[in-house]
Amino acid sequence: MVYKSGSEWHKWDLHMHAPGTDRNDEYPVINGEYAAKLDDPKIKEEFRNRILEAELDAVGVTDYYSIDNFEKLVKFQKKEGYLSEILLIPNIELRLEDQTWCRPNSTVNIHVLFDPQKIDAQTIKSDFINRLTIRNGGKKYFYTNISQLAMDNGISETQAKKQFILDKTELLQLLSQSPSLAGKYLIAVPNDDFSGAFHNPSGKATFLYDEISNLTDLVFSHSTKDVDFWLDKDPSKQKPVISGSDAHSFKNKNETGSHYGIGEEYTWIKSDLSFEGLRQVLFEPESRVRIKERSRNNPIESRSGYIKKIQLDSKSDQIQIVPNKIPISSNLTTIIGARSSGKSVLEALIAHKNYVDDPDHIAKKRLATYEEITKNVSIILKGDSSDEFTNKVTYYPQNFISDLSENVDTLQKLITDIVMEKPELNKLISNYRTKINASLSDIKELVSEYKECNTIVKKASEELLAFGKEKDLFSEREFLNTKRRKVYAESSLSAEDKASRTSLESEYQQVLEEYTDVDENMRHLEENWNILEQDFTSIEKQLPLISGNVPNAFKDTVEIDSLISSAQEFKNKVISYLEILGNEIQAHFNELKNQKSEIESKLKEFQMVDTSLNSQLLSYNEQIKNLDNQISQIQLLNSKKTNAEKQRDKLQSDLFEIIKEIQELYTTAPQELSQSLSLGIVDEKNIKLTLQNFINFDVLDFFDKRKLANASDSVKLITQSPNTFNWGETDALIEEFKTLLKSDASIFIKKNEAIDVIFDIVNKIFPLKLDLIYGSDSLTSMSPGMRGVVLLQVLLKTQNTQSPILLDQPEDDLDNNTIAEVLVPLIKEVASNRQVILVTHNANLVVLTDADEVIVAERNDSDFNVKYHHGPLENDDIKNSITTLLEGGKDAFKLREKRYDFEVKN
């Protein structure tokens with residue numbers, strides 16, 4: 001048997017009668033002879049053409065209690081190359097004593113198919129057919145002595161053959177207890193109205209004979225209802241349903257009314273084209289079998305581009321790779337070998353040709369280690385057609401997942417890339433990101449304004465410090481006023497002038513105080529106007545965004561355009577009111593200014609009357625004026641400082657409100673995300689998407705460690721707590737930020753302002769970060785091995801591609817139980833939809849995945865001469881390589897039997 005690319009989809013008809021079949025032969029008659037039909041060149045050629053036209057790959061040559069036609073066809077095959085590409089399997093059709101469900105006088109058919117590679121025709125006849133017996137009238141008859149049965153009962157041999165019906169228990173004993181037969185056959189029982197053992201009315205099957213159900217390996221049926229019934233069972237009781245033509249002539253069913261013609265009914269079976277390949281359907285009846293009603297065309301035709309074979313050409317004498325052409329299974333190919341045998345090299349050669357680059361370029365870095373080999377070996381990848389395969393392949397080298405997941409930022413990019421391939425998630429997460437980024441942008445503006453306020457407060461504080469205390473200036477001013485009043489008392493002015501002067505001075509003081517108040521009010525008005533203007537500008541920016549996010553169905557209800565218009569109208573009214581108010585205050589200010597000037601002019605007249613005291617008064621007045629200016633500046637600075645502090649407090653409050661809003665998003669987002677996506681199931685556990693608080697920085701990085709000794713206890717607690725800056729606890733987070741805002745800038749690195757530190761922290765903890773939850777465990781908290789399995793699961797199940805995938809030792813860091821229970825089902829599922837080429841040291845990943853093809857790498861230690869041999873899992877040489885090269889190989893085969901509760905017959 002030539003092994004090509006392991007298990008592939010082939011077209012099988014395991015129930016076909018050849019010309020000359022013992023009963024119901026409807027093939028053309030030649031000279032009145034049935035048995036000689038296959039010897040007739042025309043009939044033989046027609047039979048061959050019908051099989052080839054049907055594009056069959058395997059035929060079960062069926063006859064009643066005979067393999068004569070099978071022997072003839074094998075003889076033609078060996079001598080003439082007749083049907084040389086067709087696998088021929090002897091199928092002996094027998095009758096049991098048990099009656100069918102719908103025809104009391106009809107007996108159940110049973111078929112025994114023998115392995116032509118393990119048992120020859122002579123042994124089948126001598127140890128099976130010739131030993132078939134029945135009891136009739138108290139006597140025992142062998143099938144070889146059918147004439148005696150006819151003679152004893154006074155009937156024809158044809159009638160005697162019809163009465164030769166077997167006891168199923170004796171039949172099973174003959175098969176199972178004969179050393180030459182045991183483990184080299186399969187039993188099939190049909191399920192139809194005339195010869196079937198099982199009833200299937202209205203799609204609900206009911207057994208007539210549990211014993212037959214237990215002894216049969218295959219169920220012959222054309223019905224998809226039977227397929228569904230036999231697969232809807234405990235795995236240990238599942239049966240593969242096989243459809244065959246039961247052809248008895250060259251005619252089709254429309255012509256015969258009973259039997260199908262050649263090529264009308266068949267089954268697609270994914271296996272090596274061998275009897276041992278056929279046996280694999282017992283392990284995987286669902287994934288390896290498609291009857292015609294489920295798949296008229298080869299199931300692989302629905303698969304997108306895949307690599308059919310690789311062609312290697314060494315350009316260096318130091319590197320030899322044989323053979324230079326290696327076929328690749330369209331499903332799962334595993335590459336095994338001893339360490340440094342060249343198994344990863346083969347995969348790297350494929351990857352180097354057509355791989356898709358990955359985050360962090362891990363695959364690229366890995367491929368660089370094979371640079372010396374890949375540059376000296378040219379490789380051509382052939383697709384399903386004769387054209388060169390040029391599609392991209394996905395390559396996950398050894399330790400790819402663990403390397404990828406060690407860095408939080410890289411892990412984030414990986415998870416994001418995965419989930420963003422899902423349209424519904426892309427929209428949902430993009431929406432969240434837009435909102436969060438807008439909030440972070442608002443925070444950035446707040447921080448900028450906060451720093452401006454800080455600058456005003458700091459500058460005002462420094463200037464106030466230079467002026468000294470305001471109460472001291474008032475005390476000094478009162479002292480000078482007392483001296484000035486004394487000078488006035490000594491002046492030569494009349495009592496009336498002194499009274500007038502005193503009245504003017506009192507009036508002047510009142511006007512001066514009101515003048516100062518109005519001046520301050522004007523400044524407040526200007527500052528408040530600036531704040532309002534900023535708020536209006538922000539509202540004008542936000543309202544169109546709100547309008548864009550309101551669904552069309554609700555726009556009439558919300559009346560967003562009316563709201564925008566109302567906001568603009570309100571703004572115009574406020575502007576108008578403030579303009580009027582400002583004009584009135586300005587007019588009053590001008591009036592006070594004029595009054596102040598008039599009083600100052602009158603006071604100056606009083607001073608000029610008494611020239612002897614003018615020099616003293618001028619000195620006191622100048623000093624008082626200077627003090628008034630200083631007091632006025634202090635009041636102005638205090639006003640600026642107070643306003644800046646109020647504005648800073650408001651900005652701080654706004655900042656914390658935005659943080660709460662972001663926190664609200666993080667509270668609602670996990671619910672929406674979990675409802676939007678389940679990324680599949682591993683080991684019966686759902687993998688879901690959620691948000692996660694990744695503290696991907698050291699808190700101490702923000703502080704000058706030399707100054708922390710003098711910091712407050714609250715600050716020290718922040719730097720020592722593992723849960724610092726956790727956005728999951730908003731109140732605690734805000735308290736932490738408040739503590740920082742009260743701290744001296746000297747404790748921070750580069751003497752950054754506290755608000756700068758907070759801004760940096762916010763930008764680290766608040767951008768949308770994703771995590772995967774496996775069962776109840778977070779991806780980031782898993783062991784490296786389990787994290788790799790879950791990531792691999794998500795990667796393989798969510799990629800919107802069917803391109804080939806290359807995996808190098810994904811089992812690293814996993815125990816055998818996890819490999820068998822988690823990784824194996826994953827690989828099998830992925831391989832059912834896309835081509836997988838897997839390098840492994842683990843027998844479970846070869847045997848329990850039911851690998852379609854196994855490539856074994858061998859290397860000469862003295863140089864780089866690599867030899868590859870390949871074949872299906874059921875091939876004895878491949879089995880020996882698995883048990884020899886891979887740890888636990890024998891156990892894996894035993895576990896495979898145990899998994900299916902099925903003893904492999906070998």
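Angles under 35 degrees count as roughly parallel, over 145 as roughly antiparallel, 65 to 115 as roughly perpendicular, and the rest as oblique. The model is predicted, so that local features need pLDDT of at least 70 and side-chain atom pairs count only at pLDDT 80 or more, whereas totals for chains, interfaces and linings use all residues. Numbering runs from 1 along each chain as its sequence is written, and side-chain values use heavy atoms, with hydrogens and water left out.

Two packed helices are described by the angle between their axes and the distance between the axes. Here the axes are lines fitted to C-alpha atoms, for helices over the stretch in contact, and angles run from 0 to 180 degrees between N-to-C directions. Helices (H or I, at least four residues) and strands (E, at least two) are DSSP runs, numbered from the N terminus.

Helix H16 (residues 423-467) packs on H24 at an angle of about 175 degrees, with the axes 10 Å apart; H16 and H24 are therefore roughly antiparallel to each other. In this contact (heavy atoms within 4.5 Å), Leu440, Ile443, Lys444, Val447, Tyr450 and Lys451 of H16 meet Ile755, Asp756, Phe759, Val762 and Asn763 of H24. By class, the contact has seven nonpolar, one polar and three charged residues; Ala, Val, Leu, Ile, Met, Phe, Trp, Tyr, Cys and Pro count as nonpolar, Asp, Glu, Lys and Arg as charged, and the others, Gly among them, as polar.

Helix H24 (residues 754-765) also packs with helix H23 (residues 730-741): their axes come within 8 Å and cross at roughly 150 degrees. H23 and H24 are therefore roughly antiparallel to each other, and their crossing is right-handed. A crossing is left-handed if the near helix is turned anticlockwise from the far one by less than a right angle, and right-handed if clockwise. The residues in contact are Leu733, Phe737, Leu740 and Leu741 from H23, with Ala754, Ile755, Val757, Ile758, Ile761, Val762 and Ile765 from H24. By class, eleven are nonpolar, none polar and none charged.

H23 in turn packs with helix H22 (residues 713-720) at about 125 degrees, the axes being 10 Å apart. H22 and H23 are therefore oblique to each other, with a left-handed crossing. Ser714, Val715 and Ile718 of H22 meet Glu736, Thr739 and Leu740 of H23.

A cavity is a set of points, on a 1 Å grid over the protein atoms alone, where a 1.4 Å probe fits but cannot get out; lining residues have an atom within 4 Å of a point. The structure holds two cavities of 30 Å³ or more.

Note on methods
1 Å grid on protein atoms, 1.4 Å probe; cavity = no way out; pocket = protein on both sides within 12 Å on 5 of 7 lines; lining within 4 Å. Points joined across faces, edges and corners; volume = space filled by probe spheres on them.
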